[in-house]
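User: I am new to this structure and would like to learn how to read its features. Could you guide me through them?

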Amino acid sequence: MTSCPECESDLDIDVEEVEEGDVVACGECGTEYEIVGVEPLELSKVEDEIDEDDDDYKDEDEEEE
Ligand SMILES: [Zn+2]
């Protein structure tokens, strides 16, 4: 069982059902983690501040119509 690094509650992640690149969210604190490795399970906290004022930097890799 993996614990949430932020709030230390158990993250209910089944390594058989996740793969690299998946994002899981802690049910307790809502922190999101990207799966960066499955053997062993390795998580990277997703620092995704949703801010509308990000005109300074536009990621043109993702084109959305
Ligand atoms: Zn948490």
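This is a predicted model: local features need pLDDT of at least 70, side-chain atom pairs count only at pLDDT 80 or more; totals for chains, interfaces and linings use all residues.

User: How many bridges join strand S4 to S5?

Analyst: Strand S4 (residues 32-38) and S5 run antiparallel and are joined by five bridges. For Tyr-33, the bridge partner in S5 is Lys-45.

User: Which elements does the protein contain, from the N terminus on?

Analyst: The protein has five strands and zero helices. Read from the N terminus, the elements follow the pattern β-β-β-β-β.

User: Is Glu-8 buried or exposed?

Analyst: One counts the other C-beta atoms within 10 Å of the residue's own, and 12 or fewer means exposed. Glu-8 has 11 such atoms, so Glu-8 is exposed. Glu-8 lies in the loop between strand S1 (2-3) and strand S2 (10-11). From C-alpha to C-alpha, Glu-8 and Glu-28 are 9.1 Å apart in space, while 20 residues apart in sequence.

User: What percentage of the residues in the protein is buried?

Analyst: Of the 65 residues in the protein, 8% are buried. As for contacts with a separation of 6 or more, 12% are accounted for by residues 24 or more positions apart.

Note on methods. Residues are numbered from 1 along each chain as its sequence is written. Two strands pair if DSSP finds at least two bridges between them. Helices (H or I, at least four residues) and strands (E, at least two) are DSSP runs, numbered from the N terminus. A residue is buried if 20 or more other C-beta atoms lie within 10 Å of its own, exposed if 12 or fewer, and partly exposed in between; C-beta atoms are placed from the backbone. Two residues are in contact if their C-beta atoms, placed from the backbone, lie within 7 Å.
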